[in-house]
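Here's a quick tour of a protein chain and the ligand it holds. Keep the 3D view open as you read.

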Amino acid sequence: MGREQATRIIEILEKAGFPAYFVGGCVRDTLLGREPEDWDIASAARPEQVMALFGADALPTGCKHGTVTVKSGGEAFEVTTFRTDGRYSDGRHPDQVTFAGSIREDLARRDFTINAMAMEKGGRILDLYGGISDLKGETIRCVRNARIRFEEDALRILRALRFAATLGFAIEPSTADAIHREARLLERVAAERILAEMNKLLCGKGCREILLAYPDVLGVFLPELLPCVGFDQRNIHHCYDLYTHTVLSVDSVAAEPVLRWTMLLHDIGKVNTFTEDERGQMHFYGHPKVSAAMAEDICTRLRMRKKDREDIVTLIAWHDRDIPVTEKGIGSAVRALGEENFRRLLAVKRADNRAQAPEYRWVCQKVDRAEEILEELLRKKQCLCLKDLAVNGNDLLALGYEGREIGAALEWLLEGVIAGEMDNKRDALLAALAKKNLLLP
Ligand code: ATP
Ligand code: MG
């Protein structure tokens, strides 16, 4: 697929006299035996030369950084001129990029050894920094001096954690040491870039090890997490400190950003709400509300999209409620949350419970039961929300209802149906409405 189309671009560049290679993630993924997401190409051709060579198939998407997007066989590929990045005085953007004469210089500017390999179109690998050996040893290691590389571009600190988490690799000691020492530089990095890396990190198969080993790094942009580290909950349900509990719960939900962020932030307000009883046990009255409010601030600060933020805040606000195990209880929860978030809530309850003391795992059985009942309700096509109701707004308009009365009447009917007091049939619902109106003064 992608590789064949990209190979054609390399052939055209080479024929015109410009050396060209596959670079970065696609070389790494090919060596790992995975299908790469994008096939990035680096070449000696300047952006204007690439534009001239590919004509209508070329788009100047990032000429300042030397990048032209080239279409081939209906797919789009980034072709970037060999370059060395100048100084990064703000730790974010290279002050200037200088086009370079060779692939060797281009590889030297790349972040980690496993990302700093090039591949000829025929598959021969150019590996100047020991990338193959680090892939075999499952190691994340900076190209050249780690501290200098992080000072040039602080985002690399978080990228190191992200690649370690997604690939399940370890971070080489001198790179790890520089990460801890330079972590504060992340303060300068834009929220959007932090969020993009965090979404990948949290969904990585090795995220548990990384989160446990680098709370100081996360704490630079999520300072609210720091008081959770080592916080002894002194509560019969808990056998871990608050941060360890949090991380174990993150690791226990499906790899989806909303769920992972929900678990990371679900107890974030606990340290602000505890009271102690006479036996020295801690209680955290009202903490889901406090945690939800803090999560809302955090998600806003990180510029998360509105829908994700709202879902996370809702799930946190609900996470400590008792799970209903009756049709009626589940019906109203689905109505309040929607089916998708109700299912997520069950996943949250399960993960939260799994990360607690083993004696209390019975909560998981309750969640299993709730899930069975939900499936049963859906199988029976039980009415769970307004769109399932056998009457709609037009029916009520025809009966002379106006404006707000319509929504209110539909809600009233839905409540009746969910409670099992009315049949979800048109005639029955209209009769129920007529009866209600007769009783009105
Ligand atoms: P993914 O599969 O997640 O896209 P990737 O390795 O392709 O992984 P990108 O962010 O797409 O990662 O970057 C492409 C390549 O550009 C990297 O492999 C690396 O060589 C280089 N690179 C990206 N960001 C940086 C950076 N901040 N500093 C140095 N090199 C970088
Ligand atoms: Mg990529």
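## The chain at a glance

The chain splits into domain 1 (1–137), domain 2 (142–221), domain 3 (222–382) and domain 4 (387–439), with bounds taken from an automatic or database domain assignment. Between the C-alpha centres of domain 1 and domain 4 there are 62 Å.

Bear in mind that this is a predicted model, where local features need pLDDT of at least 70 and side-chain atom pairs count only at pLDDT 80 or more, while totals for chains, interfaces and linings use all residues. Residues are numbered from 1 along each chain as written, chains are lettered from A and ligands numbered from 1 in written order, and side-chain values use heavy atoms, leaving out hydrogens and water.

Ligand 1 has 13 residues around it, and Arg-28, Asp-153, Arg-156, Arg-159 and Arg-162 come nearest (being near takes a heavy atom within 4 Å). By class, that shell holds 9 charged residues (Asp, Glu, Lys or Arg), 3 polar and 1 nonpolar.

Domain 1 and domain 2 each give the shell at least three residues.

## Backbone contacts

Asn-115 has a backbone N or O atom 2.9 Å from an oxygen atom of ligand 1, and a polar backbone atom of Gly-25 sits 3.3 Å from a ligand oxygen. For Asp-111, a backbone N or O atom is 3.2 Å from a nitrogen atom of the ligand.

On its own, ligand 1 has 590 Å² of accessible area, and the protein covers 78% of that (Shrake-Rupley method, 1.4 Å probe).

## Helices in the shell

The elements giving two or more residues to the shell are α2 (25–31) and α7 (155–167), helices being DSSP runs (H or I) of at least four residues. The largest share, 4 residues, comes from α7.

Conventions
A polar contact is a pair of N or O atoms within 3.5 Å; within protein, one must be able to donate a hydrogen and the other to accept it, and residues adjacent in sequence count only if both atoms are side-chain atoms.
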